[in-house]
Amino acid sequence: MKAMMITKIADLDQNRRPLELRDVPKPEPGEREVRLKVLACGVCHTDMDEIEGRTPPPRLPVIPGHQVVGRVDKAGPGAGRFKPGDRVGVAWIFSACGRCRFCRTGRENLCPDFRGTGRDADGGYAEYLTVREDFAYPIPEVFSDAEAAPLLCAGAVGYRALKLTGLADGENLGMTGFGASGHLVLQTARRLYPSSRIFVFARAEKEREFALELGAVWAGETGDRPPEKLQAVIDTTPVWKPVVLALGSLAGGGRLVVNAIRKEDIDKNELLKLDYAGDLWLEKEIKSVANVTRADVSEFLSIAAEIPLKPAFEEYALEEANKALVEIKERRIRGAKVLRISQA
Ligand SMILES: [Zn+2]
Ligand SMILES: [Zn+2]
């Protein structure tokens, strides 16, 4: 089968074709696993973090991609949850141990043996992949393959971030950055907290317009002060300046949730501008989001189907994965990027 593989750690500024197209054997499903014929796979900022070495795969080469929509093509021994032809998704959580104190208390996202799809195991930038059947999710009919893909990471992790804000309906929510995750989080927030007002900070005029179209009450540049204090902010940017600025916009007791697996170091010195009195005092909190649980993904897919949430996306062929990644690196983003791998 064809696969786009990470074969070495590389900087996308220097190497604009870091993934190699290879022909590799079709994987065989193991105990309680299913094999999927991949229909579509989302391209995520985290894929770039893997390639550039901020969260490097433990073994190379590896097939990246953790927003996978496919059809069950073959079941392994003991697997009976799905029928051949069922359309299912695979998210960032590829597996967790199921026994540790995190796994036993609904926090499998923090499991020390957490394995990420497309980093610790082969992912969806390929024609087929195998996954444990209890780590796959039925995809609601209402979504096309390409629409469903970004829901599995950008959407599901965004949903987890939204839960972690502890927002109450009617409280103001801020969002810094408005990429693949942002536009899904905004629409989900409007559904879950209908009386809350949403304020968006984004660098690009187009992103700000898009936020207003989707129902934000205000959209400004990263350095602008919103007209009202915010009870919670979700940061989806890859850098630091928006974090420091967002803390300054929080009300007392406010929560900032950083939704990023890694931050880039390019503007780390911005952290020195943190002013304790203005930015942190008054019991402001900062929290990061780590991974997702299967419950996050399932809950989010059903909320998304009720809305129904229709992600904005651009499609690329499997062989164009490098192009999609370079565009993410250069922040040429409107909505999500999805590889179209098979039609059936
Ligand atoms: Zn992702
Ligand atoms: Zn565990």
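This is a predicted model: local features need pLDDT of at least 70, side-chain atom pairs count only at pLDDT 80 or more; totals for chains, interfaces and linings use all residues.
Biologist: Which residues of α7 make the contact with α2?
Modeller: From the α2 side come L151, L152, G155, A156, Y159, R160 and K163. Together, the residues of this contact divide into nine nonpolar, one polar and four charged. The α7 side supplies D296, V297, E299, F300, L301, I303 and A304.

Biologist: Helix α3 also packs on α7; how far apart are their axes?
Modeller: Here α3 covers residues 180-192 and α7 covers 294-306. They pack at an angle of about 80°. That value falls in the 65 to 115 range, so α3 is roughly perpendicular to α7. The axes are 11 Å apart.

Biologist: Which residues of α7 does α3 meet?
Modeller: On the α3 side the partners are T188, R191 and L192. By class, this contact has three nonpolar, one polar and two charged residues. The α7 residues are F300, I303 and E306.

Biologist: Is A180 buried, partly exposed or exposed?
Modeller: A180 is found in helix α3. Buried would need under 20% relative accessible area, and exposed over 50%. A180 has 24%, so A180 is partly exposed.

Biologist: What is omega for the cis peptide bond that joins I307 and P308?
Modeller: P308 lies in the loop between α7 and β16 (313-317). The bond from I307 to P308 is cis. Its omega is about -20°.

Biologist: R32 has a positive phi; what is the value, and which loop holds R32?
Modeller: R32 is a residue other than glycine. Its relative accessible area is 40%, so R32 is partly exposed. The loop runs between β2 (19-23) and β3 (33-43).

Biologist: What is the phi of L282?
Modeller: L282 lies in the loop between α6 (276-280) and β15 (285-288). With a relative accessible area of 45%, L282 is partly exposed. L282 is not a glycine, yet its phi is positive, at about 70°.

Biologist: How many residues of α5 are buried, and which are they?
Modeller: Buried means under 20% relative accessible area. Seven of the nine residues of α5 are buried. They pack against β10 (173-176), β11 (198-201), β13 (230-235), β14 (250-258), α6 and β15. The buried residues are P242, V243, V244, A246, L247, G248 and S249.

Biologist: Which helix gives the most to the lining of the second largest cavity?
Modeller: This cavity has a volume of about 30 Å³. Its lining is T176, F201, T222, D224, R225, P242, L245, A246 and S249. By class, that is four nonpolar, three polar and two charged residues. With four residues, the top contributor is helix α5.

Biologist: Which residues lie nearest the centre of the largest pocket?
Modeller: The largest pocket has a volume of about 990 Å³. Its lining counts 46 residues, divided into 22 nonpolar, 16 polar and eight charged. Nearest the centre are H45, G179, T236, T237 and P238.

Biologist: Which element gives the largest share of the lining of the largest pocket?
Modeller: Elements that give two or more residues are β3, α1, α2, α3, α5 and β17 (336-340). The largest share is four residues. It comes from α2.

Methods:
Residues are numbered from 1 along each chain as its sequence is written. Chains are lettered from A and ligands numbered from 1 in the order in which they are written. Side-chain values use heavy atoms; hydrogens and water are left out. Axes are lines fitted to C-alpha atoms, for helices over the stretch in contact, and angles run from 0 to 180 degrees between N-to-C directions. Angles under 35 degrees count as roughly parallel, over 145 as roughly antiparallel, 65 to 115 as roughly perpendicular and the rest as oblique. Contact means heavy atoms within 4.5 Å. Ala, Val, Leu, Ile, Met, Phe, Trp, Tyr, Cys and Pro count as nonpolar, Asp, Glu, Lys and Arg as charged, and the others, Gly among them, as polar. Buried means under 20% relative accessible area, exposed over 50%, partly exposed in between (1.4 Å probe, protein chains only). On a 1 Å grid over the protein atoms alone, a cavity is a set of points where a 1.4 Å probe fits but cannot get out, and a pocket is an open set with protein on both sides within 12 Å along at least five of seven lines; lining residues have an atom within 4 Å of a point. Grid points are joined across faces, edges and corners, and a volume is the space filled by probe spheres set on the points.
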